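The structure is shown first, and the description follows.

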Amino acid sequence: MMKKPKNQIELLNDAIVLLEKRRKKEYEELKLQFYETSENFRPINIFNQAVKDFREVPEVKTNLFETILSITGGYFSKKIIVGKSNSLVKKILGYVLQYAVTNFISKKVSTDTNKEE
């Protein structure tokens with residue numbers, strides 16, 4: 001059975017004690033959360049999580065493969081068609097060709113992989 005406080009001062013003292021306990025508990029929880037958050041955002045942990053995701057999620061591997069394939073296809077098509085040119089017009093046309101081929105390959109590979117699934 002709880003004893004009844006005799007006056008307002010005891011009520012206030014009890015409330016202060018409870019608030020101080022609550023503050024200490026919340027402070028400890030906050031310190032723990034800060035530690036966990038700082039650990040998660042360390043560069044090595046971010047890198048490790050990225051590598052883990054890359055290994056575990058097949059879509060990431062597929063997307064990376066599609067991106068590399070389309071970029072290299074565009075680059076080599078520019079090099080084959082334009083070659084080493086000093087002409088500004090040829091260089092611009094080469095970049096336009098590279099962009100077009102990269103987009104074409106990207107769309108083609110993307111639709112082919114979606115059909116397989």
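## Salt bridges

A salt bridge is counted here when a side-chain nitrogen of Lys or Arg lies within 4 Å of a carboxyl oxygen of Asp or Glu. In this predicted model, the rule gives three salt bridges.

One of them joins the side chains of Arg22 and Glu26, with an N to O distance of 3.2 Å. Both residues belong to helix H1 and are four residues apart, about one turn of the helix. Glu26 is partly exposed, at 41% relative accessibility.

Glu28 and Lys31 form another salt bridge, their closest N and O atoms being 3.6 Å apart. Because they are three residues apart in helix H1, about one helical turn separates them. Glu28 is partly exposed at 46% relative accessibility, and Lys31 is partly exposed at 41%.

Arg42 is paired with Glu39 in a salt bridge, with 3.2 Å between the closest N and O atoms. Arg42 has 40% relative accessibility and counts as partly exposed; Glu39, at 26%, is also partly exposed.

## Helix H1

The N-terminal end of H1 is capped by Asn7, which places a side-chain oxygen 3.1 Å from the backbone nitrogen of Ile9.

## Nonpolar surface patch

Tyr75, Phe76, Ile80 and Ile81 make a nonpolar surface patch of about 480 Å². Of these residues, Phe76 lies in helix H3, which covers residues 58-81.

Terms used
Residues numbered from 1 in each chain as written. Predicted model: local features only at pLDDT ≥ 70, side-chain atom pairs only at ≥ 80, totals over all residues. Heavy atoms only, no water. Patch = residues over 30% accessible without salt bridge, like charges linked within 9 Å, V, L, I, M, F, W, Y side chains within 5 Å. Areas by Shrake-Rupley, 256 points an atom, 1.4 Å probe, with all protein chains shown as cover. Helix = DSSP H or I, 4+ residues; strand = E, 2+ residues; numbered from the N terminus. Polar contact = N/O pair within 3.5 Å; in protein donor to acceptor, adjacent residues only side chain to side chain. Buried < 20%, exposed > 50% of the residue type's maximum accessible area, 1.4 Å probe, protein only.
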